[in-house]
Amino acid sequence: MGDKIKIVKIDTDKYPKIASRYAIQALPTLLVFRDGKQADRIEGNDAGRILMNGQLLADRLQYLLFSGSST
């Protein structure tokens, strides 16, 4: 399987067009893309909790990769 995960941090003050494009209003916001399309969106405290806990992040990504689900 050739699945790859890339995590990118964007400074929304420095790149407001990107923030606007994805309607980012809460920080942190975690957007997950699958096959070039947004598959998941987690904002605010929920995103912070997931980003601070590697196992929660791994579980969420594994679910998205192997369930075929998308938002």
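Start with the largest pocket, which holds about 980 Å³ of space. Here a pocket is an open set of points on a 1 Å grid over the protein atoms alone, where a 1.4 Å probe fits, with protein on both sides within 12 Å along at least five of seven lines. The volume is the space filled by probe spheres set on the points, which are joined across faces, edges and corners. You're looking at a predicted model, where local features need pLDDT of at least 70, side-chain atom pairs count only at pLDDT 80 or more, and totals for linings use all residues. Residues are numbered from 1 along each chain as its sequence is written, and side-chain values use heavy atoms, leaving out hydrogens and water.

Now select Lys6, Ile7, Val8, Leu30 and Leu31: of the 28 lining residues, these lie nearest the pocket's centre. Lining residues have an atom within 4 Å of a point.

Next, colour S1 (29-34) and helix H3 (54-67). Both give two or more residues to the lining, and S1 provides the largest share, six residues. Helices (H or I, at least four residues) and strands (E, at least two) are DSSP runs, numbered from the N terminus.

Last, show the surface: Tyr22 is partly exposed at 24% relative accessible area, and Phe33 is partly exposed at 40% (partly exposed runs between under 20% for buried and over 50% for exposed, with a 1.4 Å probe and protein chains only).
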